[in-house]
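I am opening a notebook on this structure. The entries are kept in the order in which I looked things up.

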Amino acid sequence: MPPVIDIQGISKTYKGGLQALKTVDLQIGKGEIFALLGPNGAGKTTLISIICGIVTPSTGTVIADGHDIQSDYRRARSRIGLVPQELTTDAFETVIATVTFSRGLFGKAPNPGFVEKVLRDLSLWEKRNDKIMTLSGGMKRRVMIAKALSHEPDILFLDEPTAGVDVELRRDMWELVRRLRESGVTIILTTHYIEEAEEMADRVGVILKGELILVEEKTALMKKLGKKTLTLNLQDPLASLPPELGEWDLTLRAEGNELEYVFDSNAERTGVPSLLRRLSDLGIAFKDLNTRQSSLEDIFVSLVHRDTGASVQGVGA
Amino acid sequence: MTFNGWGVWALYRFEMARFGRTIFGSLVTPVITTALYFVVFGSAIGSRMEEVGGVPYGAFIVPGLVMLSVFTQSIFNGSFGIYFPKFTGTIYEILSAPLSPLETVTAYVGAAASKSMLVGLVTLATAALFVPLQVQHPLAMLGFLLLISVTFSLFGFIIGLVSNSFEQLQFIPMLVVTPLTFLGGAFYSIDMLPAAWRTVTLFNPVVYLIDGFRWAFYGVSDVGVEISVAAMATFFLICLGVVGWMFKTGYRLKN
(Lines give C-alpha, C1' and ligand atoms only; values in the text may rest on other atoms or scores of the structure.)
Protein backbone atom coordinates (compact mmCIF):
# COMPACT_ATOMS: atom_id res chain seq x y z
CA MET A 1 0.00 0.00 0.00
CA PRO A 2 1.52 3.40 -0.96
CA PRO A 3 2.15 5.75 1.96
CA VAL A 4 -0.48 8.40 2.62
CA ILE A 5 2.35 10.89 3.09
CA ASP A 6 5.53 10.54 1.10
CA ILE A 7 8.25 13.07 1.89
CA GLN A 8 11.24 13.02 -0.40
CA GLY A 9 14.31 15.19 0.03
CA ILE A 10 12.57 18.04 1.83
CA SER A 11 14.85 20.75 3.13
CA LYS A 12 14.32 24.29 4.28
CA THR A 13 16.78 27.14 4.58
CA TYR A 14 15.28 30.45 5.63
CA LYS A 15 16.31 33.73 4.05
CA GLY A 16 18.55 34.61 6.96
CA GLY A 17 20.54 31.46 6.27
CA LEU A 18 19.09 29.35 9.08
CA GLN A 19 18.83 25.74 7.92
CA ALA A 20 15.70 24.56 9.68
CA LEU A 21 15.53 21.23 7.87
CA LYS A 22 18.26 19.19 6.26
CA THR A 23 17.24 16.59 3.71
CA VAL A 24 14.28 14.73 5.18
CA ASP A 25 12.75 11.57 3.74
CA LEU A 26 9.78 10.05 5.50
CA GLN A 27 6.82 7.84 4.62
CA ILE A 28 3.71 7.59 6.75
CA GLY A 29 1.16 4.85 6.25
CA LYS A 30 -2.60 5.25 6.08
CA GLY A 31 -4.32 5.06 9.43
CA GLU A 32 -1.08 5.36 11.31
CA ILE A 33 -0.43 7.48 14.38
CA PHE A 34 3.03 8.93 13.96
CA ALA A 35 4.70 10.91 16.72
CA LEU A 36 7.40 13.39 15.82
CA LEU A 37 9.67 14.15 18.73
CA GLY A 38 12.48 16.61 19.02
CA PRO A 39 13.80 19.39 21.23
CA ASN A 40 12.83 23.04 20.76
CA GLY A 41 13.82 24.37 17.35
CA ALA A 42 14.54 20.91 15.95
CA GLY A 43 12.40 21.53 12.86
CA LYS A 44 9.18 19.70 13.71
CA THR A 45 6.87 22.64 13.14
CA THR A 46 8.75 23.61 9.97
CA LEU A 47 8.21 20.12 8.56
CA ILE A 48 4.51 20.18 9.40
CA SER A 49 4.16 23.70 8.00
CA ILE A 50 5.73 22.62 4.71
CA ILE A 51 3.33 19.70 4.33
CA CYS A 52 0.36 21.94 5.10
CA GLY A 53 1.42 24.66 2.64
CA ILE A 54 2.31 27.35 5.17
CA VAL A 55 6.05 27.26 4.50
CA THR A 56 7.61 26.79 1.08
CA PRO A 57 10.32 24.11 1.03
CA SER A 58 13.76 24.87 -0.39
CA THR A 59 14.02 21.44 -1.99
CA GLY A 60 12.08 18.20 -2.23
CA THR A 61 8.55 16.98 -2.74
CA VAL A 62 5.68 15.93 -0.55
CA ILE A 63 2.86 13.71 -1.78
CA ALA A 64 -0.23 13.74 0.43
CA ASP A 65 -2.81 11.06 -0.33
CA GLY A 66 -1.45 10.78 -3.87
CA HIS A 67 -1.35 14.52 -4.55
CA ASP A 68 1.71 16.75 -4.78
CA ILE A 69 1.36 19.51 -2.19
CA GLN A 70 2.63 22.13 -4.64
CA SER A 71 1.44 21.20 -8.12
CA ASP A 72 -1.84 19.66 -6.93
CA TYR A 73 -2.26 21.70 -3.76
CA ARG A 74 -6.05 21.90 -3.86
CA ARG A 75 -6.59 18.17 -3.61
CA ALA A 76 -3.68 17.70 -1.22
CA ARG A 77 -4.78 20.43 1.19
CA SER A 78 -8.45 19.45 1.13
CA ARG A 79 -7.40 16.13 2.70
CA ILE A 80 -5.30 17.66 5.45
CA GLY A 81 -6.37 19.15 8.76
CA LEU A 82 -4.00 21.11 10.96
CA VAL A 83 -4.14 21.95 14.63
CA PRO A 84 -1.31 24.44 15.12
CA GLN A 85 0.70 24.80 18.25
CA GLU A 86 -0.40 28.36 19.01
CA LEU A 87 -3.94 29.10 20.15
CA THR A 88 -4.70 31.35 17.22
CA THR A 89 -8.42 31.90 17.08
CA ASP A 90 -10.82 34.59 15.95
CA ALA A 91 -11.55 35.95 19.40
CA PHE A 92 -14.80 37.73 18.46
CA GLU A 93 -16.37 34.82 16.57
CA THR A 94 -18.67 32.26 18.13
CA VAL A 95 -17.57 28.64 18.30
CA ILE A 96 -20.10 27.39 15.77
CA ALA A 97 -19.39 30.25 13.35
CA THR A 98 -15.66 29.65 13.29
CA VAL A 99 -16.03 25.89 12.83
CA THR A 100 -18.58 26.39 10.05
CA PHE A 101 -16.21 28.91 8.46
CA SER A 102 -13.34 26.41 8.48
CA ARG A 103 -15.48 23.79 6.78
CA GLY A 104 -16.40 26.19 3.99
CA LEU A 105 -12.84 27.43 3.62
CA PHE A 106 -11.72 23.91 2.78
CA GLY A 107 -14.31 23.63 0.03
CA LYS A 108 -17.00 21.63 1.80
CA ALA A 109 -20.68 22.42 1.46
CA PRO A 110 -22.43 23.42 4.70
CA ASN A 111 -23.39 20.43 6.85
CA PRO A 112 -24.85 21.57 10.18
CA GLY A 113 -25.31 17.94 11.25
CA PHE A 114 -21.64 17.15 10.86
CA VAL A 115 -20.56 20.36 12.58
CA GLU A 116 -22.86 19.47 15.47
CA LYS A 117 -21.32 16.00 15.69
CA VAL A 118 -17.79 17.44 15.81
CA LEU A 119 -18.79 19.94 18.48
CA ARG A 120 -20.51 17.25 20.55
CA ASP A 121 -17.52 14.91 20.21
CA LEU A 122 -15.34 17.65 21.62
CA SER A 123 -17.83 18.65 24.34
CA LEU A 124 -18.25 22.04 22.70
CA TRP A 125 -21.92 21.87 21.78
CA GLU A 126 -23.07 23.69 24.91
CA LYS A 127 -20.58 26.44 24.14
CA ARG A 128 -21.47 26.76 20.47
CA ASN A 129 -22.86 30.28 20.75
CA ASP A 130 -20.13 31.56 23.06
CA LYS A 131 -17.52 33.91 21.72
CA ILE A 132 -14.11 32.28 21.60
CA MET A 133 -12.59 35.05 23.69
CA THR A 134 -14.71 33.90 26.64
CA LEU A 135 -13.41 30.32 26.56
CA SER A 136 -10.66 28.82 28.67
CA GLY A 137 -7.36 27.76 27.10
CA GLY A 138 -8.42 24.13 27.09
CA MET A 139 -11.71 24.91 25.39
CA LYS A 140 -9.92 27.04 22.81
CA ARG A 141 -7.69 24.06 22.09
CA ARG A 142 -10.83 21.98 21.50
CA VAL A 143 -12.09 24.66 19.12
CA MET A 144 -8.83 24.44 17.18
CA ILE A 145 -9.30 20.69 16.85
CA ALA A 146 -12.94 21.12 15.83
CA LYS A 147 -11.88 23.55 13.10
CA ALA A 148 -9.29 21.09 11.82
CA LEU A 149 -11.85 18.27 11.74
CA SER A 150 -14.65 20.32 10.24
CA HIS A 151 -13.82 19.42 6.64
CA GLU A 152 -13.49 15.68 7.35
CA PRO A 153 -9.75 15.37 6.64
CA ASP A 154 -8.01 12.05 5.98
CA ILE A 155 -4.76 13.32 7.45
CA LEU A 156 -4.61 15.25 10.69
CA PHE A 157 -1.60 17.14 11.98
CA LEU A 158 -1.58 17.87 15.69
CA ASP A 159 1.24 20.22 16.62
CA GLU A 160 1.50 19.99 20.41
CA PRO A 161 -2.23 19.24 20.74
CA THR A 162 -2.40 18.99 24.49
CA ALA A 163 -0.02 21.77 25.46
CA GLY A 164 -1.56 23.65 28.36
CA VAL A 165 -4.60 21.45 28.82
CA ASP A 166 -5.48 19.63 32.02
CA VAL A 167 -5.10 15.89 32.54
CA GLU A 168 -8.78 15.11 32.02
CA LEU A 169 -8.94 16.98 28.75
CA ARG A 170 -5.71 15.36 27.61
CA ARG A 171 -7.24 11.93 28.20
CA ASP A 172 -10.36 13.03 26.28
CA MET A 173 -8.20 14.08 23.38
CA TRP A 174 -6.27 10.84 23.36
CA GLU A 175 -9.60 9.05 23.19
CA LEU A 176 -10.68 11.28 20.32
CA VAL A 177 -7.44 10.57 18.45
CA ARG A 178 -8.00 6.86 18.85
CA ARG A 179 -11.55 7.17 17.53
CA LEU A 180 -10.28 9.16 14.56
CA ARG A 181 -7.69 6.53 13.79
CA GLU A 182 -10.36 3.84 13.96
CA SER A 183 -12.30 5.81 11.34
CA GLY A 184 -9.25 5.70 9.06
CA VAL A 185 -7.69 9.09 9.73
CA THR A 186 -3.90 9.24 9.66
CA ILE A 187 -2.53 11.27 12.55
CA ILE A 188 0.84 12.95 12.82
CA LEU A 189 1.52 14.60 16.13
CA THR A 190 4.31 16.47 17.74
CA THR A 191 4.13 16.57 21.44
CA HIS A 192 5.74 18.03 24.50
CA TYR A 193 4.54 15.06 26.51
CA ILE A 194 6.50 11.95 25.68
CA GLU A 195 3.90 9.87 27.50
CA GLU A 196 1.47 11.05 24.85
CA ALA A 197 3.59 9.50 22.11
CA GLU A 198 4.12 6.43 24.24
CA GLU A 199 0.40 6.14 24.85
CA MET A 200 -0.78 6.60 21.29
CA ALA A 201 1.88 6.38 18.58
CA ASP A 202 2.48 3.43 16.31
CA ARG A 203 5.76 4.85 15.13
CA VAL A 204 8.08 7.49 16.45
CA GLY A 205 10.40 9.84 14.58
CA VAL A 206 13.07 11.83 16.34
CA ILE A 207 14.15 15.05 14.68
CA LEU A 208 17.22 16.91 15.81
CA LYS A 209 18.81 20.03 14.32
CA GLY A 210 16.68 19.62 11.20
CA GLU A 211 17.66 16.02 10.69
CA LEU A 212 15.45 12.98 11.12
CA ILE A 213 17.82 10.85 13.15
CA LEU A 214 15.49 7.97 13.86
CA VAL A 215 12.20 6.51 12.65
CA GLU A 216 11.09 3.35 14.35
CA GLU A 217 8.07 1.36 15.46
CA LYS A 218 7.43 2.50 19.00
CA THR A 219 7.42 -0.97 20.51
CA ALA A 220 10.48 -2.02 18.53
CA LEU A 221 12.25 1.17 19.55
CA MET A 222 11.51 0.62 23.18
CA LYS A 223 12.61 -2.97 22.88
CA LYS A 224 15.75 -2.11 20.99
CA LEU A 225 16.88 0.85 23.01
CA GLY A 226 15.05 0.13 26.20
CA LYS A 227 16.87 -0.42 29.43
CA LYS A 228 15.42 -1.97 32.54
CA THR A 229 16.05 -0.84 36.06
CA LEU A 230 16.08 -3.31 38.93
CA THR A 231 15.48 -1.73 42.33
CA LEU A 232 16.12 -3.70 45.52
CA ASN A 233 14.72 -2.42 48.79
CA LEU A 234 17.31 -3.53 51.31
CA GLN A 235 16.57 -5.03 54.69
CA ASP A 236 19.31 -2.97 56.29
CA PRO A 237 20.82 0.20 54.83
CA LEU A 238 24.33 0.14 53.38
CA ALA A 239 26.82 2.89 54.16
CA SER A 240 28.58 2.32 50.85
CA LEU A 241 28.78 -0.17 48.01
CA PRO A 242 30.91 -3.18 48.90
CA PRO A 243 33.88 -3.63 46.50
CA GLU A 244 32.65 -7.18 45.78
CA LEU A 245 29.77 -5.62 43.79
CA GLY A 246 32.10 -3.59 41.59
CA GLU A 247 31.45 -5.61 38.43
CA TRP A 248 27.82 -4.43 38.30
CA ASP A 249 26.77 -0.89 37.49
CA LEU A 250 25.01 -0.22 40.77
CA THR A 251 23.79 2.93 42.47
CA LEU A 252 22.96 3.29 46.12
CA ARG A 253 19.87 5.43 46.71
CA ALA A 254 17.45 6.48 49.46
CA GLU A 255 20.18 6.88 52.11
CA GLY A 256 21.49 3.39 51.45
CA ASN A 257 18.10 1.68 51.58
CA GLU A 258 17.82 1.05 47.82
CA LEU A 259 20.16 -0.59 45.40
CA GLU A 260 19.53 0.25 41.74
CA TYR A 261 20.85 -1.75 38.82
CA VAL A 262 20.33 -0.65 35.20
CA PHE A 263 20.67 -3.41 32.63
CA ASP A 264 19.97 -4.16 29.00
CA SER A 265 16.87 -6.31 28.94
CA ASN A 266 17.72 -7.61 25.47
CA ALA A 267 21.24 -8.72 26.35
CA GLU A 268 21.98 -12.45 26.49
CA ARG A 269 23.27 -12.06 30.04
CA THR A 270 21.54 -9.40 32.07
CA GLY A 271 23.67 -9.93 35.16
CA VAL A 272 20.61 -10.10 37.41
CA PRO A 273 20.86 -13.74 38.61
CA SER A 274 24.59 -13.40 39.35
CA LEU A 275 23.97 -10.14 41.21
CA LEU A 276 21.31 -11.73 43.38
CA ARG A 277 23.61 -14.66 44.12
CA ARG A 278 26.46 -12.32 45.03
CA LEU A 279 24.18 -10.33 47.35
CA SER A 280 23.14 -13.57 49.03
CA ASP A 281 26.78 -14.57 49.41
CA LEU A 282 27.54 -11.20 51.00
CA GLY A 283 24.58 -11.50 53.36
CA ILE A 284 22.86 -8.46 51.95
CA ALA A 285 19.16 -9.18 52.28
CA PHE A 286 16.36 -7.34 50.55
CA LYS A 287 12.69 -7.14 51.47
CA ASP A 288 11.32 -6.20 48.04
CA LEU A 289 12.37 -5.78 44.45
CA ASN A 290 10.87 -4.34 41.29
CA THR A 291 11.88 -3.73 37.71
CA ARG A 292 10.91 -0.85 35.42
CA GLN A 293 11.18 -0.64 31.63
CA SER A 294 12.67 2.63 30.29
CA SER A 295 10.04 5.02 29.07
CA LEU A 296 10.07 6.61 25.64
CA GLU A 297 11.14 9.77 27.38
CA ASP A 298 14.25 8.05 28.78
CA ILE A 299 15.04 6.80 25.29
CA PHE A 300 14.45 10.18 23.72
CA VAL A 301 16.62 11.99 26.25
CA SER A 302 19.43 9.47 25.80
CA LEU A 303 19.19 9.82 22.01
CA VAL A 304 19.37 13.58 22.18
CA HIS A 305 22.23 13.41 24.67
CA ARG A 306 24.06 11.04 22.39
CA ASP A 307 23.67 13.34 19.39
CA THR A 308 24.27 16.65 21.06
CA GLY A 309 26.31 15.84 24.07
CA ALA A 310 24.28 18.50 25.84
CA SER A 311 21.50 18.49 28.34
CA VAL A 312 17.96 18.68 27.05
CA GLN A 313 16.20 21.84 28.08
CA GLY A 314 12.84 20.88 26.67
CA VAL A 315 11.29 18.56 24.24
CA GLY A 316 8.65 20.80 22.76
CA ALA A 317 8.68 22.25 19.29
CA MET B 1 -11.93 20.76 -7.31
CA THR B 2 -11.09 23.43 -9.90
CA PHE B 3 -12.69 26.35 -8.12
CA ASN B 4 -13.21 26.55 -4.38
CA GLY B 5 -16.50 28.43 -4.44
CA TRP B 6 -17.41 27.41 -0.90
CA GLY B 7 -14.04 28.67 0.27
CA VAL B 8 -14.44 32.05 -1.40
CA TRP B 9 -17.97 32.36 -0.03
CA ALA B 10 -16.90 31.38 3.48
CA LEU B 11 -14.08 33.93 3.50
CA TYR B 12 -16.31 36.64 2.01
CA ARG B 13 -19.04 35.99 4.58
CA PHE B 14 -16.49 35.92 7.38
CA GLU B 15 -15.23 39.37 6.39
CA MET B 16 -18.74 40.74 5.98
CA ALA B 17 -19.65 39.35 9.40
CA ARG B 18 -16.88 41.50 10.92
CA PHE B 19 -18.42 44.49 9.15
CA GLY B 20 -21.79 43.45 10.54
CA ARG B 21 -20.41 43.45 14.09
CA THR B 22 -19.31 47.06 13.70
CA ILE B 23 -22.02 48.23 11.34
CA PHE B 24 -23.20 51.04 13.56
CA GLY B 25 -19.79 52.68 13.68
CA SER B 26 -19.08 51.85 10.05
CA LEU B 27 -22.18 53.56 8.73
CA VAL B 28 -22.81 56.28 11.29
CA THR B 29 -19.29 57.68 10.95
CA PRO B 30 -19.59 58.59 7.25
CA VAL B 31 -23.07 60.00 7.84
CA ILE B 32 -21.79 62.34 10.56
CA THR B 33 -18.64 63.20 8.61
CA THR B 34 -20.63 64.03 5.49
CA ALA B 35 -23.09 66.11 7.48
CA LEU B 36 -20.20 68.07 9.01
CA TYR B 37 -18.68 68.70 5.58
CA PHE B 38 -21.95 70.12 4.39
CA VAL B 39 -22.36 72.28 7.46
CA VAL B 40 -18.86 73.73 6.90
CA PHE B 41 -18.40 73.67 3.13
CA GLY B 42 -21.98 73.58 2.00
CA SER B 43 -23.62 76.16 4.27
CA ALA B 44 -20.89 78.23 5.93
CA ILE B 45 -18.46 78.54 3.01
CA GLY B 46 -20.43 77.18 0.07
CA SER B 47 -23.10 79.83 0.31
CA ARG B 48 -20.42 82.44 -0.41
CA MET B 49 -18.95 80.50 -3.35
CA GLU B 50 -19.88 80.75 -6.97
CA GLU B 51 -20.98 77.80 -9.04
CA VAL B 52 -18.19 75.55 -10.30
CA GLY B 53 -18.61 74.51 -13.92
CA GLY B 54 -22.26 75.38 -13.72
CA VAL B 55 -22.76 73.21 -10.61
CA PRO B 56 -23.63 74.72 -7.19
CA TYR B 57 -20.64 74.36 -4.89
CA GLY B 58 -22.52 72.17 -2.37
CA ALA B 59 -23.42 69.69 -5.09
CA PHE B 60 -19.99 69.98 -6.72
CA ILE B 61 -18.19 68.55 -3.69
CA VAL B 62 -20.49 65.52 -3.34
CA PRO B 63 -18.54 63.19 -5.71
CA GLY B 64 -15.31 64.20 -3.97
CA LEU B 65 -16.81 63.46 -0.56
CA VAL B 66 -18.07 60.08 -1.72
CA MET B 67 -14.66 59.29 -3.15
CA LEU B 68 -12.99 60.36 0.09
CA SER B 69 -15.19 57.86 1.97
CA VAL B 70 -14.63 55.14 -0.61
CA PHE B 71 -10.84 55.58 -0.69
CA THR B 72 -10.60 55.55 3.08
CA GLN B 73 -12.94 52.61 3.59
CA SER B 74 -11.51 50.54 0.76
CA ILE B 75 -7.95 50.92 1.97
CA PHE B 76 -8.91 50.36 5.60
CA ASN B 77 -11.03 47.30 4.92
CA GLY B 78 -8.65 45.84 2.36
CA SER B 79 -5.59 46.26 4.57
CA PHE B 80 -7.20 45.33 7.88
CA GLY B 81 -8.84 42.21 6.41
CA ILE B 82 -5.52 40.57 5.56
CA TYR B 83 -3.37 42.21 8.24
CA PHE B 84 -5.52 41.10 11.17
CA PRO B 85 -5.13 37.34 10.54
CA LYS B 86 -1.41 37.93 10.06
CA PHE B 87 -1.35 39.75 13.40
CA THR B 88 -3.38 37.12 15.29
CA GLY B 89 -1.79 34.15 13.55
CA THR B 90 -5.04 32.84 12.06
CA ILE B 91 -3.48 33.33 8.61
CA TYR B 92 -2.26 29.74 8.96
CA GLU B 93 -5.75 28.57 8.11
CA ILE B 94 -5.95 30.67 4.95
CA LEU B 95 -2.51 29.54 3.80
CA SER B 96 -3.26 25.87 4.44
CA ALA B 97 -6.69 25.97 2.78
CA PRO B 98 -7.23 24.73 -0.80
CA LEU B 99 -7.64 28.28 -2.06
CA SER B 100 -5.79 29.76 -5.03
CA PRO B 101 -4.26 33.23 -4.66
CA LEU B 102 -6.93 34.59 -6.98
CA GLU B 103 -9.71 33.09 -4.85
CA THR B 104 -8.20 34.49 -1.66
CA VAL B 105 -7.90 37.96 -3.19
CA THR B 106 -11.41 37.73 -4.63
CA ALA B 107 -12.88 36.99 -1.22
CA TYR B 108 -10.94 39.60 0.74
CA VAL B 109 -11.10 42.35 -1.87
CA GLY B 110 -14.71 41.51 -2.72
CA ALA B 111 -15.71 41.94 0.91
CA ALA B 112 -13.67 45.13 1.33
CA ALA B 113 -15.12 46.60 -1.87
CA SER B 114 -18.68 45.62 -0.85
CA LYS B 115 -18.29 47.43 2.44
CA SER B 116 -16.78 50.55 0.90
CA MET B 117 -19.46 50.68 -1.81
CA LEU B 118 -22.11 50.49 0.88
CA VAL B 119 -20.42 53.28 2.81
CA GLY B 120 -20.10 55.29 -0.43
CA LEU B 121 -23.81 54.92 -1.14
CA VAL B 122 -24.71 55.88 2.44
CA THR B 123 -22.48 58.95 2.08
CA LEU B 124 -24.27 59.78 -1.17
CA ALA B 125 -27.68 59.33 0.44
CA THR B 126 -26.63 61.61 3.30
CA ALA B 127 -25.44 64.23 0.84
CA ALA B 128 -28.80 64.08 -0.91
CA LEU B 129 -30.37 65.33 2.31
CA PHE B 130 -28.37 68.56 2.06
CA VAL B 131 -28.13 69.35 -1.64
CA PRO B 132 -30.24 68.58 -4.72
CA LEU B 133 -28.34 65.83 -6.53
CA GLN B 134 -28.47 64.78 -10.14
CA VAL B 135 -26.76 61.74 -11.64
CA GLN B 136 -26.58 62.13 -15.41
CA HIS B 137 -24.88 58.77 -15.98
CA PRO B 138 -26.08 56.45 -13.20
CA LEU B 139 -24.60 53.28 -14.71
CA ALA B 140 -21.25 54.97 -15.21
CA MET B 141 -21.47 56.27 -11.65
CA LEU B 142 -22.01 52.74 -10.30
CA GLY B 143 -19.28 51.42 -12.62
CA PHE B 144 -16.78 54.01 -11.34
CA LEU B 145 -17.81 53.30 -7.76
CA LEU B 146 -17.26 49.58 -8.27
CA LEU B 147 -13.94 49.97 -10.08
CA ILE B 148 -12.55 52.44 -7.58
CA SER B 149 -13.76 50.38 -4.61
CA VAL B 150 -12.14 47.23 -5.98
CA THR B 151 -8.94 49.00 -6.99
CA PHE B 152 -8.43 50.72 -3.65
CA SER B 153 -9.38 47.58 -1.77
CA LEU B 154 -6.65 45.82 -3.74
CA PHE B 155 -4.31 48.67 -2.86
CA GLY B 156 -5.32 48.29 0.78
CA PHE B 157 -4.76 44.54 0.52
CA ILE B 158 -1.18 45.20 -0.60
CA ILE B 159 -0.65 47.58 2.31
CA GLY B 160 -2.02 44.90 4.67
CA LEU B 161 0.35 42.32 3.21
CA VAL B 162 3.50 44.43 3.51
CA SER B 163 2.70 45.98 6.89
CA ASN B 164 4.37 44.60 9.96
CA SER B 165 2.60 46.79 12.49
CA PHE B 166 -0.60 48.77 12.96
CA GLU B 167 1.48 51.93 12.59
CA GLN B 168 2.65 50.86 9.14
CA LEU B 169 -0.93 49.92 8.31
CA GLN B 170 -1.99 53.54 8.81
CA PHE B 171 1.09 55.16 7.33
CA ILE B 172 0.13 55.21 3.64
CA PRO B 173 -3.59 56.03 4.16
CA MET B 174 -2.80 58.89 6.53
CA LEU B 175 0.29 60.36 4.92
CA VAL B 176 -0.28 59.63 1.25
CA VAL B 177 -3.88 58.91 0.31
CA THR B 178 -5.68 61.53 2.40
CA PRO B 179 -3.41 64.40 1.24
CA LEU B 180 -3.66 63.24 -2.37
CA THR B 181 -7.44 63.15 -2.06
CA PHE B 182 -7.66 66.64 -0.60
CA LEU B 183 -5.27 67.91 -3.28
CA GLY B 184 -6.99 65.86 -5.98
CA GLY B 185 -9.87 68.17 -6.64
CA ALA B 186 -12.31 66.80 -4.08
CA PHE B 187 -13.34 70.33 -3.07
CA TYR B 188 -12.40 72.34 -6.14
CA SER B 189 -11.98 72.14 -9.88
CA ILE B 190 -8.35 71.94 -10.93
CA ASP B 191 -9.17 74.62 -13.50
CA MET B 192 -9.39 77.00 -10.53
CA LEU B 193 -5.66 76.51 -9.83
CA PRO B 194 -2.83 78.61 -11.27
CA ALA B 195 -1.35 77.01 -14.39
CA ALA B 196 1.81 75.77 -12.66
CA TRP B 197 -0.09 74.09 -9.83
CA ARG B 198 -2.55 72.66 -12.30
CA THR B 199 0.35 70.93 -14.07
CA VAL B 200 1.66 69.59 -10.75
CA THR B 201 -1.82 68.38 -9.84
CA LEU B 202 -2.04 66.35 -13.03
CA PHE B 203 0.60 64.03 -11.54
CA ASN B 204 -1.81 63.19 -8.74
CA PRO B 205 -3.66 60.01 -9.81
CA VAL B 206 -6.57 60.79 -7.51
CA VAL B 207 -7.45 63.76 -9.73
CA TYR B 208 -8.49 61.40 -12.52
CA LEU B 209 -10.60 59.23 -10.25
CA ILE B 210 -12.54 62.11 -8.72
CA ASP B 211 -12.88 63.85 -12.04
CA GLY B 212 -14.28 60.74 -13.74
CA PHE B 213 -16.69 60.15 -10.89
CA ARG B 214 -17.84 63.77 -10.98
CA TRP B 215 -18.44 63.49 -14.72
CA ALA B 216 -20.91 60.66 -14.04
CA PHE B 217 -22.91 63.10 -11.87
CA TYR B 218 -22.80 66.37 -13.79
CA GLY B 219 -21.35 65.56 -17.21
CA VAL B 220 -18.49 68.02 -16.63
CA SER B 221 -14.88 66.98 -16.57
CA ASP B 222 -11.51 68.72 -16.15
CA VAL B 223 -9.32 66.07 -17.76
CA GLY B 224 -11.68 64.00 -19.90
CA VAL B 225 -13.58 60.89 -18.89
CA GLU B 226 -11.57 58.57 -21.18
CA ILE B 227 -8.36 59.56 -19.46
CA SER B 228 -10.02 58.99 -16.08
CA VAL B 229 -11.12 55.49 -17.06
CA ALA B 230 -7.65 54.70 -18.42
CA ALA B 231 -6.07 55.94 -15.17
CA MET B 232 -8.43 53.80 -13.07
CA ALA B 233 -7.81 50.72 -15.22
CA THR B 234 -4.04 51.24 -15.09
CA PHE B 235 -4.01 51.57 -11.31
CA PHE B 236 -6.24 48.51 -11.03
CA LEU B 237 -3.93 46.40 -13.22
CA ILE B 238 -0.83 47.56 -11.32
CA CYS B 239 -2.43 46.57 -7.99
CA LEU B 240 -3.55 43.23 -9.42
CA GLY B 241 -0.05 42.54 -10.74
CA VAL B 242 1.58 43.37 -7.41
CA VAL B 243 -0.83 41.14 -5.46
CA GLY B 244 -0.33 38.30 -7.96
CA TRP B 245 3.44 38.57 -7.58
CA MET B 246 3.16 38.60 -3.79
CA PHE B 247 1.13 35.42 -3.72
CA LYS B 248 3.32 33.73 -6.28
CA THR B 249 6.49 34.45 -4.34
CA GLY B 250 4.92 34.22 -0.89
CA TYR B 251 6.33 37.68 -0.11
CA ARG B 252 5.41 38.63 3.47
CA LEU B 253 3.03 35.67 3.51
CA LYS B 254 5.16 32.57 3.70
CA ASN B 255 8.57 32.09 5.24
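**Entry 1: the model.** I note at the start that this is a predicted model.

**Entry 2: chain A as a whole.** I looked up the secondary structure of chain A and found ten helices and 14 strands. I then took the box along the principal axes, and the C-alpha atoms of chain A fill roughly 75 × 45 × 40 Å. Chain A has 317 residues, and 39% of them are buried. I also checked its contacts with a separation of 6 or more: 71% of these join residues 24 or more positions apart.

**Entry 3: one residue of chain A.** I picked Ser280(A), which lies in helix α9 (residues 272–281) of chain A. Is Ser280(A) buried or exposed? I counted 11 other C-beta atoms within 10 Å, and the cut-off for exposed is 12 or fewer, so Ser280(A) is exposed. I also took the distance from Ser280(A) to Ser11(A): their C-alpha atoms are separated by 58 Å, and the two residues are 269 apart along the chain.

**Entry 4: where the chains touch.** I found 21 residues of chain B in contact with 26 residues of chain A. On the chain B side, α1 and α5 (91–96) each supply at least two residues. Helix α1(B) gives the largest share of that side, seven residues. Sorted by class, the chain B side has ten nonpolar, eight polar and three charged residues.

**Entry 5: helix α1 of chain B.** I went on to α1(B), which covers residues 5–21. Its 17 residues should span 24 Å at 1.5 Å a residue, and the end C-alpha atoms are 24 Å apart, so the two values agree. Which residues of α1(B) are buried? I listed Gly7(B), Val8(B), Ala10(B), Leu11(B), Phe14(B) and Glu15(B). Seen down the axis of α1(B), these buried residues fall within an arc of 170°, so they line one face of the helix. What do they pack against? I found α3 (95–105) of chain A, together with α4 (62–88) and α6 (101–130) of chain B.

**Entry 6: record against model in chain B.** I looked up chain B in UniProt, where an unreviewed entry places the feature "transmembrane region" at several stretches, including residues 142–163 and 169–190. In the model, residues 142–163 of chain B are 95% helix and 0% strand, with end C-alpha atoms 31 Å apart. Residues 169–190 of chain B are 64% helix and 0% strand, and their end C-alpha atoms are 30 Å apart.

Definitions and conventions. Residues numbered from 1 in each chain as written. Chains lettered and ligands numbered in written order. Predicted model: local features only at pLDDT ≥ 70, side-chain atom pairs only at ≥ 80, totals over all residues. UniProt positions renumbered as here; feature names shortened; annotations may be inferred. Helix = DSSP H or I, 4+ residues; strand = E, 2+ residues; numbered from the N terminus. Expected span 1.5 Å × (residues − 1). Buried ≥ 20, exposed ≤ 12 C-beta atoms within 10 Å, placed from the backbone. Arc of directions from axis to C-beta. Contact = placed C-beta atoms within 7 Å. Nonpolar A, V, L, I, M, F, W, Y, C, P; charged D, E, K, R; others polar.
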